Amino acid sequence: MNCQFCGQELLPSKFHPNQKYCSHSCARKAWVPANRETLNAYYARWEREWRRKNPEKARARDKRINLRHRLYRHRWTAERKLEVLNQYGGPICVCCGEQEFDFLTIEHSRGDGNLHRKTVGVKAGTQFYGWLFRSGFPQDIGLEVLCWNCQIGRKIGQGICPHETVTER
């Protein structure tokens, strides 16, 4: 006879004939998936009770968890943004040469960004970066790296950045 979880042979000299698992660990691993709802309810009850008895500790723990999560999300977002910027020309503004990472954005060079994002069903910013990542960084949609100043300047100046008009003078 074999363990019903890991398949290890259960020798009659070591195990009781009615035993189904080779260890407590295998028995627990087999039991947990079948009883997930029961466990979740137990843990939720325990958590509520612990929070009621220890409100200061609960607030302190929540603060630590929220801070850790915020730091993780910030790092993850920055890594994703850098990857997107590298796929579309590198972290440098194509108009003025700005290299400050926090100032750089992705711009639809044809001016159809809002329509494109509505078509693919994402909002701007990190959602759009995620869509680009999942879509394999499509090159045919006319994207380029611009800093905020150039992006807004082009929007206000009807497609012409103030940097371009200054260099023409």
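**Reading burial, rings and salt bridges**

Reader: Which residues of α6 are buried?

Author: Buried means under 20% relative accessible area, exposed over 50%, and partly exposed in between, with a 1.4 Å probe and protein chains only. In α6, the buried residues are C150, Q151, G153 and R154. They span an arc of only 165° around the axis, so they are on the same side of α6; the arc is taken over the directions from the helix axis to the C-beta atoms. The model is a predicted one, in which local features need pLDDT of at least 70 and side-chain atom pairs count only at pLDDT 80 or more, while totals for chains, interfaces and linings use all residues. Residues are numbered from 1 along each chain as its sequence is written, and side-chain values use heavy atoms, leaving out hydrogens and water.

Reader: What does the face of α6 turned away from its buried side carry?

Author: Helices (H or I, at least four residues) and strands (E, at least two) are DSSP runs, numbered from the N terminus. That face of α6 carries the exposed residues N149, K155 and I156. Helix α6 covers residues 148–156, I156 included, and I156 has a relative accessible area of 68%. After α6 comes Q158, with a positive phi near 50°.

Reader: Which residues make the nonpolar surface patch?

Author: Patches take residues with over 30% relative accessible area and no salt bridge, joining like charges within 9 Å and nonpolar side chains (Val, Leu, Ile, Met, Phe, Trp, Tyr) within 5 Å. Accessible areas come from the Shrake-Rupley method with a 1.4 Å probe, and for residues only the protein chains shown count as cover. Here F103, W148, I152 and I156 make a nonpolar patch of about 440 Å².

Reader: How many aromatic pairs does a search of the whole structure find?

Author: A pair of aromatic rings is described by the distance of the centres and the angle of the planes. Rings of Phe, Tyr and Trp (its six-membered ring) pair if their centres lie within 6.5 Å; planes under 30 degrees apart are stacked, over 60 edge-to-face, and the rest tilted. The search finds 5 pairs. One of them is Y88 with F137, edge-to-face, at 6.5 Å centre to centre and 70° between the planes. This pair links distant parts of the chain, 49 residues apart: Y88 is in the loop between α3 (55–87) and β1 (104–108), and F137 in the loop between α5 (126–134) and β2 (143–147). Y88 is buried at 7% relative accessibility, and F137 is buried at 11%. Together with F133, Y88 and F137 form one aromatic cluster.

Reader: Which ring does the charged end of R80 sit over?

Author: A charge sits over a ring if NZ of Lys or CZ of Arg is within 6 Å of the ring centre and within 35 degrees of the ring normal. For R80 the ring is that of F133, with 3.9 Å to its centre. The charged end of K81 sits over the ring of F101, 4.8 Å from its centre.

Reader: How many salt bridges are there?

Author: A salt bridge is a side-chain nitrogen of Lys or Arg within 4 Å of a carboxyl oxygen of Asp or Glu. By this rule there are 7. Among them, R51 meets E47 at 3.0 Å, N to O; both lie in helix α2 (residues 36–53), 4 residues apart, about one turn of the helix. R61 also meets E47, at 2.4 Å, N to O. That pair links distant parts of the chain, with R61 in helix α3 and E47 in helix α2, 14 residues apart. In another, E49 and R52 have their closest N and O atoms 2.3 Å apart. E49 is partly exposed at 31%, whereas R52 is exposed at 56%. Salt bridges with shared partners join E47, R51, R61 and D62 into one network.
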